[in-house]
Amino acid sequence: MEGRGGQGNWGLEDAPGLLARASLPIMPAWPLPLASSALTLLLGALTSLFLWYCYRLGSQDMQALGDGRRVGGVSGGSGGCSEPCRPSSGSSGEPGEGPRAEGLVSRRLRAYARRYSWAGMGRVRRAAQGGPGPGGGQGILGIQRPGLLFLPDLPSAPFVPRDAQRHDVELLENSFPAILRDFGAVNWDFSGTTPLPRGWSPPLAPGCYQLLLYQAGRCQPNNCRRCPGAYRALRGLRSFMSANTFGNAGFSVLLPGARLEGRCGPTNARVRCHLGLKIPPGCELVVGGEPQCWAEGHCLLVDDSFLHTVAHNGSPEDGPRVVFIVDLWHPNVAGAERQALDFVFAPDP
């Protein structure tokens, strides 16, 4: 047998050394613990970057929503128009109002699609992108110019047939006695010689008053408690825009001699239902150039995105015109579109 330093055969006494040599790694680039730590740090950094990106997207969407509410108006702008003839910056047709609102609506709609889906959102998406409105675009003078949102391909007429919202129309008309009693409980002389009673909003214009049960999609609890019959009727409606800044409900009073000219509502996605409570002679509603009048105990469905004028041409002895107004979804707005618009135009928390 040759020595251990030779190149010949190995003996049994050499086995421990050979096993020790075989167990050594083959030239690793890094020690294994160090490579694992580096990979962990890299994955952690990528995860943190992704979470930061998601946070930034969410923050931008929430900021867009807040800005949209300030522009659209939860309490007085175009989104929060709470009377059929209320003036608003967003519904004035002034150049420059549309593009700002369109950008905010687009961002909020993208947030909705990320959370849910784009399915059924074709018209809403085109509306958010500022698709062509009536007459070739928003802000173009015409008889229909919604100030904030024009939903394309919606059948348009100044007055909507009663059958389009038969259930809600019949429910409101059947509730006429209870709603009229509620008005009697909150009524006052409207002379201006006494302080404004609790629940009544400051006059929108000379001779135009309102008491709201819902304002821009938010329930007004004190007024609802004072008007239980009207509130009960609202709770039974199927198409009331109760969770949307476009949605309002309440009593509208117009004194003799008052006149409100040339207004347009914020969107064609809604229909305003007017239930006549007290209709003296000389009252008139003109929508899109078509004159119409209310009748006590009956509903009138109006697309207030059309240019409209309200007037009470009666004498002081006739007393005020009183209607109960409820904002309903346009019958041709689909369920998926309603859900998306409720998300985009959700009222303030």
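Predicted model: local features only at pLDDT ≥ 70, side-chain atom pairs only at ≥ 80, totals over all residues.
I started with a helix pair: Ala178, Ile179 and Asp182 of α6 touch Pro228, Gly229, Ala230 and Ala233 of α8, where contact means heavy atoms within 4.5 Å. By class, this contact has five nonpolar, one polar and one charged residues. For those classes, Ala, Val, Leu, Ile, Met, Phe, Trp, Tyr, Cys and Pro count as nonpolar, Asp, Glu, Lys and Arg as charged, and the others, Gly among them, as polar.

Numbering starts from 1 along each chain as its sequence is written, and side-chain values use heavy atoms, without hydrogens and water.

Next I looked up the geometry. The axes of α6 (residues 176–186) and α8 (residues 228–235) come within 7 Å and cross at roughly 135°. So α6 and α8 are oblique to each other (under 35 degrees is roughly parallel, over 145 roughly antiparallel, 65 to 115 roughly perpendicular, the rest oblique).

Then α5 (residues 166–174): I found Asp168, Val169, Leu171, Leu172 and Glu173 buried there, meaning under 20% relative accessible area with a 1.4 Å probe, protein chains only. The buried residues of α5 pack against α6, α8, β6 (270–278), β9 (299–302) and β11 (321–329).

Last, the cysteines. I searched the whole structure and got zero disulfides (cysteine sulfur pairs within 2.5 Å). Cys224 is in none, and its nearest cysteine sulfur, that of Cys219, is 3.5 Å away. Cys224 counts as buried because its relative accessibility is 6%. Cys264 is buried too, at 3% relative accessibility.

How values were computed
Axes fitted to C-alpha atoms, helices over the stretch in contact; angles between N-to-C directions. Helix = DSSP H or I, 4+ residues; strand = E, 2+ residues; numbered from the N terminus. Buried < 20%, exposed > 50% of the residue type's maximum accessible area, 1.4 Å probe, protein only.
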